[in-house]
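I opened my notebook for a friendly tour of one protein model. Here is what I looked up, entry by entry.

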Amino acid sequence: MMFKSFCFRSVFMATLSALCFANAATEKKTPPGDFYDEVSRLNKVLSEVNRKYVENVNPTELTDAAINGIRNILDPHTTVFAPKDYESLRVSMEGKFGGVGITISLRDNILTVISPLSGTPAFKLGIRAGDRIRKIDGKETKGMSLDDAVNKLRGKIGTDVTVAIEREGVPDLMDYTITRAEIIVHAVPYYGMVTPDIGYIKLATFSDKTTSDVENALRSLQKQGMKKLILDMRYNPGGLLNQAIEISELFLKPGNVIVSTRGRTQKTESAARRTPLVKPEVPMVVLVNQGSASAAEIVSGALQDWDRALIVGKTSFGKGSVQTIFPLDNAGNALKLTTAFYYLPFGRCINKPENGIKGLTLQDEEYEDEEKDAAKTDSVKADTAKRDTFYTNNGRMMFGGGGIKPDVDVELDPMPWVVQVQERMAMYFKFAVKIRPSLEKAQVKVNSEWAVPDSLFTQFKAFCKKDTNFMKVKSNALVGVDQLEKSIIREQNYMGDSAKTISDSTLVKRISEMRKALEDNRDAQFEANKDYIKDGIKRELLTAFVNDSVSTAFSLKRDKQLNEAIKYLSDTQLYKKAISAPPKQKKNAAKPKK
């Protein structure tokens, strides 16, 4: 039976299991017993509960509880999938399914189309961003969860599904009968030229089709005159290990080690085996951040170790463990089990201990010994802490155990409060949906050259102020003023001055002035961030009128980390200096064979 190795993180499972993991770590460890004796003991307990407990117990619930108990003493990435969850995982890894071709979400608790995918059945029928799905096959969507809606829209290729759409500016619901087709989710949602000679590829995930998607993007960019490359893996959660190896091969020389995996039952080393698609002399930058994990860290770490690319952005997530999927039965249940740690070419294990389990360095052969006692384990860990310094092929110093640290750290500017609320509440999206009919009626040509007029900015400001939910959101300072007012009232009552409320006090005037000043600041922030707000309006209107690609290309222009990457690639001396070793820097004694 063939198993696929996965190296992605589950934020939900990490949060849930971390609490249990912390509690387990504080308790005294139980001496290990014989495995089969312990399994027999567990079976006896389950059997007695099933036969003699005072009430009937659902065997499935009993098994799930036992499994959850086992999982709680392991790492956050080990879990058991129910058939439905395993199918969702399989779809995400294969990158294709039968569906209609829309991205949906809940907006104001209403099922809303965020974007139709170009070329899909929904796109061809004219379904738009902002359309509200009120019915699916005659069933009301009110109260329907997002997962349930997705499951109803997906189905066997060639079958039909009918949706009732509510659209801004159209008085009646519109029925669309859509024939499901094969929907391919591309690992590369966007690529293009960001300067006349610098190509850009956004790599979103590592699924079955990732390598072919990246190869197609590279060939297209080469035809457009690409001389330098930016590979953007920010917020890439990882995916298939074999795809990380194949992506690395596109840039590294044959024989260059990419990654090693080590566990109790496996020990592998993978090296580049084919001629790279991008020549070694092509300067390259990889963008990473705190959302880059696992397979994305393998690629960025391997390119960093071989000095093939400059890493720009923020330190990555630090997930250095490999998971393998084991089907459990014919019903679709499966076990995702952590089976190994992965190591970068020169020995770094970048796993952060707080992300579940601590990986040791390649030199720690004791890690493979199942018979080591507790004292020896502590000694190994202590030695490991002293061996966390590594060097790249050029001799640049690197550190293990904490994600991929960028060569050029770029901190993003803090987002002003009003803009944060606008983005979080999708105000630009909602406004674009509302204003689109009037722009169409006026025959306004929205494209990449179009500029948002001041009149539209004014309308957006009024739109936000009319939105009850938007106006309910208070800044931390306003919340603080409310708390201050309540505290004063409580203190007056405590002092026996209950007849005299805050309204009788001279403090009420001061508090009222503070509140007004902060409300005025909300208005001021609109004007202070006028350019950003206009860009947000244009971004969503480009998506609605043209497509996601044009919208993405526009958004990249104000991307601070991307602009830093362009700066280094545009200055040959600056790039070479950043990727070269400091003077008199010693290289690591032990290296993989080239």
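**Entry 1: around helix α11**

I began at A426, which comes after α11 and has a positive phi, near 55 degrees. Before going on, I noted that this is a predicted model, where local features need pLDDT of at least 70, side-chain atom pairs count only at pLDDT 80 or more, and totals for chains, interfaces and linings use all residues. I also noted that residues are numbered from 1 along each chain as its sequence is written, and that side-chain values use heavy atoms, with hydrogens and water left out.

For the names, helices (H or I, at least four residues) and strands (E, at least two) are DSSP runs, numbered from the N terminus. I then asked myself: which residues of helix α11 are buried? In α11 (residues 417-424) they are V418, V419, V421 and Q422. Buried means under 20% relative accessible area, exposed over 50%, and partly exposed in between (1.4 Å probe, protein chains only). Looking down the axis of α11, I found its buried residues within an arc of 160 degrees, so they line one face of the helix. That arc is taken from the directions from the helix axis to the C-beta atoms.

**Entry 2: T141**

Next I looked up T141, in the loop between β7 (139-140) and α6 (146-153). T141 is buried, at a relative accessible area of 8%. A polar atom of its side chain lies 2.6 Å from the backbone oxygen of I133. Leaving out residues up to four places away in sequence, T141 touches L111, I133, R134, K135 and I136; contact here means heavy atoms within 4.5 Å.

**Entry 3: salt bridges**

I counted a salt bridge when a side-chain nitrogen of Lys or Arg is within 4 Å of a carboxyl oxygen of Asp or Glu. By this rule the count comes to 29 salt bridges.

One of them joins the side chains of E168 and K434 (3.8 Å, N to O). This pair links distant parts of the chain, 266 residues apart: E168 is in the loop between β8 (160-166) and β9 (174-179), and K434 is in helix α12 (residues 427-441). E168 is partly exposed at 37% relative accessible area, and K434 is partly exposed at 44%.

Another salt bridge joins R348 and D305 (2.6 Å, N to O). R348 sits in the loop between β20 (334-343) and α10 (374-386) and D305 in helix α9 (residues 295-305), so the pair ties together parts 43 residues apart in sequence. Are these two buried or exposed? I found both R348 and D305 buried.

Note on methods:
Polar contact = N/O pair within 3.5 Å; in protein donor to acceptor, adjacent residues only side chain to side chain.
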